[in-house]
Amino acid sequence: METPIVSAQSDALVGIDDVQKSLNRSRASVYRYTNTDPRNLNPPFNPRKLNPEYRSDQKDPLYFHPNEVARFAKDVLRIKEVTVEVLNSPSTATQQMLGAILEELRGIRAHLEGSGDEAPSDLAARRDRQDRPAA
């Protein structure tokens with residue numbers, strides 16, 4: 001049997017389409033595998049089913065954690081080898097800003113460490129001046 005590969009962005013959930021492609025099953029069979037209940041929005045964990053992530057509304061789409069899809073493929077479908085690929089998400093403005101702040105902090109640290117060697121000699125020179133009698 002072919003090894004399913006579950007791909008997801010870092011810290012991202014996968015939808016029905018991705019699960020369908022990963023497991024090489026029809027959309028209808030994925031829905032049959034899924035742990036859902038019309039009377040209970042978030043049923044308790046069922047080890048024999050594919051458990052979706054928490055939903056706040058019945059109309060919310062089903063999303064799955066990649067590890068849950070891998071667990072289901074391995075434990076329930078008896079697929080021997082399952083690979084979970086976590087892809088890095090594209091850089092956001094926040095990540096770029098944090099990267100710029102990090103670089104600036106590294107520059108400040110390097111400057112402070114570089115000037116750290118001069119500080120004791122400046123302090124010693126200041127002490128020498130203070131020991132002299134005032135004019």
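Okay, some housekeeping. Residues are numbered from 1 along each chain as its sequence is written, and side-chain values use heavy atoms, with hydrogens and water left out. As the model is predicted, local features need pLDDT of at least 70 and side-chain atom pairs count only at pLDDT 80 or more, while totals for chains, interfaces and linings use all residues.

So, the fold. We have 5 helices and 4 strands; those are DSSP runs, H or I of at least four residues for helices and E of at least two for strands, numbered from the N terminus. Going along the sequence, the order is β-β-α-α-β-α-β-α-α. Contact here means heavy atoms within 4.5 Å. Among contacts with a separation of 6 or more, 50% are between residues 24 or more positions apart.

Now inside. Of 135 residues, 21% count as buried, meaning under 20% relative accessible area; exposed is over 50%, and partly exposed is in between (1.4 Å probe, protein chains only). The largest nonpolar core has 14 residues, and the ones touching the most other members are Val 19, Leu 23, Leu 50, Phe 64, Val 69 and Phe 72. Helix H1 (16–23) and helix H3 (66–75) are the elements giving two or more residues to this core. By nonpolar core I mean buried Ala, Val, Leu, Ile, Met, Phe, Trp, Tyr and Cys joined through side-chain atoms within 4.5 Å.

Have a look at Phe 64. Leaving aside neighbours within four places in sequence, its contacts include Leu 13, Ile 16, Val 19, Leu 50, Pro 52 and Val 69.

Tyr 33 sits in helix H2 (residues 27–33) and Phe 72 in helix H3, so the pair ties together parts 39 residues apart in sequence. Phe 72 is buried at 1% relative accessibility, whereas Tyr 33 is partly exposed at 22%.

Last, the outside. Leu 112, in helix H4 (residues 93–115), is exposed, with a relative accessible area of 53%.
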